[in-house]
Amino acid sequence: MLTPRQKAILQGQVRGQASLIYRWPEGNDGYPLVPYQFIDGVDEASVTAGIQHWESKTCIKFEQRQGTTGPHIKFEVLSGCWSHIGYLGWDADHVNGQTVSIGSGCSSLGVVAHEIGHAIGLFHMQSSPTRDDFVLVLYDNILDGKSSNFDKKTVQQTNYHGVPYDYTSNMHYSSFCLLRKWIGLSHRDALLVNRMYSCIQKWLSNCSLTVDPYRTMATSGHRVRVCVHGVHLHSL
Ligand SMILES: [Zn+2]
């Protein structure tokens, strides 16, 4: 059951705040916290690698729970690779967990990181309201039933926090869109999420850094790391 305000937000009537309810809340230490659990049969090693990938480049923390209730991600094996977009713990249907499906063929690092990206709150890059300035979508070439993957979001639904369009995003389909060759987060993916969650300053000071290595708009930089939570700084 949605409150009138949540309905208004979902309908895009509250400009600029649309994304706030979709963000994972902070844990006790002030960092955004994503609790999760594995449901029987999911490829735990692959999911763990995807989680560590996100933790190495952003200030979001993940915490495994056993048999938890309350808002969390349930990594499970359903049909295909998919996730909802962002935190849904305020929604009655998801208050006790929201699924990320890591089905057959979904276990590569790029795909797992992509689905976690959705769960954190990222749309597909090619859904950006400005995408027509950057890519040409040939709807005639899209397989039946797949065109919603190419829907554009409205300006009200999105906030790119000043981060430019990114062809190298792990959330961007390639021109061979169904052959997903995602290799992991781009420089701008990390920058966007760190800005979206406003946690980068706290994280940097925790790592004894004064400057965000992701501050530039470089389109490369997959190997840049800041530091892992609670671990000594290292920068490649
Ligand atoms: Zn996707």
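**Group meeting: the sheet and its helices**

Let me start with two strands. E1, residues 33-38, pairs with E3 in the parallel sense, over 3 bridges. One of the pairs here is Gln37 with its bridge partner Lys74 in E3. Keep in mind that this is a predicted model.

On its other pairing, E3 meets strand E5, residues 98-102, again in the parallel sense, and over 4 bridges. There, Glu76 has Ser101 of E5 as its bridge partner. As background, strands of a sheet pair through backbone hydrogen bonds, either parallel or antiparallel.

Now stay with E3, residues 73-76. Which of its side chains are buried? Ile73 and Phe75, which point to one face.

Next, the whole sheet. It is open and has 5 strands, in the order E2-E1-E3-E5-E4, with mixed pairing. E2 (61-64) and E4 (81-83) stand at the edges; each has a single partner strand, so one side of each lacks a neighbour in the sheet. On average, neighbouring strands are turned by 30° against each other, direction ignored.

The antiparallel part includes E4 and E5, joined by 3 bridges. Cys81 has Ile102 in E5 as its bridge partner.

Last, the helices. H2, residues 44-57, lies across E1, E2, E3 and E5, and runs at about 150° to E2. H3, residues 109-120, packs on the sheet and touches E3, E4 and E5. The direction of H3 makes about 20° with that of E4.

That is the tour.

Technical notes
Residues are numbered from 1 along each chain as its sequence is written. This is a predicted model: local features need pLDDT of at least 70, side-chain atom pairs count only at pLDDT 80 or more; totals for chains, interfaces and linings use all residues. A residue is buried if 20 or more other C-beta atoms lie within 10 Å of its own, exposed if 12 or fewer, and partly exposed in between; C-beta atoms are placed from the backbone. Two strands pair if DSSP finds at least two bridges between them. Axes are lines fitted to C-alpha atoms, for helices over the stretch in contact, and angles run from 0 to 180 degrees between N-to-C directions. Two residues are in contact if their C-beta atoms, placed from the backbone, lie within 7 Å.
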